[in-house]
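Subject: Structure handover

Hello,

Here is the structure I promised to pass on. Please open it first, then read my notes below.

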Amino acid sequence: MLKVEDLEVRYGPIHALKRVSMTVGKSEIVTVVGANGAGKSSLLKAIVGAVKSSSGKIIFEEKVVNGLTAPDRVKSGLILVPEGRQIFVSMTVEENLLIGAYSQHSSQQRQAIESIFDRFKNLADRRYQLASVLSGGEQQMLAIGRAMVARPKLLMLDEPSLGLSPILVRQLFELIEELNSEGISILIVEQNTKLALKTAQRGYVLELGSVRQQGLASELAGDKGLANAYLGDSV
Ligand code: ATP
């Protein structure tokens with residue numbers, strides 16, 4: 001479904017991604033782990049067109065999407081829930097969801113938004129309230145809801161568990177599995193690497209902008225060298 005080939009991202013003199021190649025198959029959950037600054041966010045941003053790649057190919061559903069604008073990548077089903085959620089706190093919950101549905105016709109928008117309210121009752125109860133009143137967990141649900149109304153085929157999540165309590169983190173990962181079982185492919189960058197490797201089928205380890213290791217998530221989770229370097233006790 002997604003194939004990244006020899007992707008390079010540079011910020012001036014900083015070489016953030018060096019010939020990164022990776023894939024996400026249909027209905028797969030794939031995780032990218034690595035230390036701070038390894039290039040994980042840059043990879044997701046390059047895939048959705050939020051940062052420019054200097055070379056390499058991004059192929060989504062057999063089409064090279066490098067030349068597409070970020071909004072056109074969204075229309076093709078590549079959707080990112082960015083790090084820190086980036087919801088609009090001075091807008092209502094419903095208005096935040098409407099932003100996610102901007103590319104659809106108004107009847108489809110309504111349907112898409114109501115399906116999010118059916119799924120997330122807490123958000124439905126607060127639909128006319130400002131997003132600033134939501135708890136951290138509810139804000140993450142809203143960010144995922146906003147991504148869902150755009151009808152993702154591949155949903156990418158950048159550090160979704162950041163700042164959430166352990167109970168909310170578990171609920172979040174259950175939701176990710178539920179969305180995946182509904183047919184959405186998932187690419188997840190996560191500081192909670194143990195949980196990410198438990199949820200994903202495959203994983204990639206980024207180090208200083210390069211893929212250092214890749215394989216079945218269960219094998220990466222059992223790798224002693226990796227455990228010492230990245231996995232910590234973060235479950
Ligand atoms: P973190 O977990 O800390 O977010 P990361 O693995 O997601 O780290 P990136 O945020 O992709 O890593 O950063 C990769 C490298 O690129 C780092 O050296 C970072 O300082 C640099 N970088 C990221 N964004 C920019 C930017 N907009 N301008 C300049 N350098 C940047």
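First, a definition: helices (H or I, at least four residues) and strands (E, at least two) are DSSP runs, numbered from the N terminus. This is a predicted model, where local features need pLDDT of at least 70 and side-chain atom pairs count only at pLDDT 80 or more, while totals for chains, interfaces and linings use all residues. Residues are numbered from 1 along each chain as its sequence is written, and side-chain values use heavy atoms, with hydrogens and water left out.

**The largest pocket**

A pocket is found on a 1 Å grid over the protein atoms alone: it is an open set of points where a 1.4 Å probe fits, with protein on both sides within 12 Å along at least five of seven lines. Lining residues have an atom within 4 Å of a point. Grid points are joined across faces, edges and corners, and a volume is the space filled by probe spheres set on the points.

The largest pocket holds about 530 Å³ of space. It has 21 lining residues, and Val74, Ile79, Leu80, Pro82 and Arg146 are the closest to its centre.

Why does the largest pocket lie between domain 1 (2-77 + 153-231) and domain 2 (88-151)? Because both domains give residues to its lining. The domain bounds come from an automatic or database domain assignment.

**The second largest pocket**

About 260 Å³ of space lies here. The lining counts 14 residues, with Arg119, Phe120, Asn122, Met141 and Gln171 nearest the centre. α7 (166-181) is one of the elements giving two or more. α7 gives the most, with five residues. By class, the lining splits into five nonpolar, four polar and five charged. Domain 1 and domain 2 each provide at least three residues.

**The ligand**

The ligand is surrounded by 13 residues (a heavy atom within 4 Å). Gly37, Gly39, Lys40, Ser41 and Ser42 are the closest. α1 gives the largest share of this shell, three residues. The shell has five nonpolar, five polar and three charged residues.

Now the polar contacts (pairs of N or O atoms within 3.5 Å). A side-chain N or O atom of Ser42 lies 2.5 Å from a ligand oxygen. For a backbone N or O atom of Ala38, the distance to a ligand oxygen is 3.0 Å. A polar side-chain atom of Asn36 is 3.4 Å from a ligand oxygen.

Best wishes

Terms used. Polar contact = N/O pair within 3.5 Å; in protein donor to acceptor, adjacent residues only side chain to side chain. Nonpolar A, V, L, I, M, F, W, Y, C, P; charged D, E, K, R; others polar.
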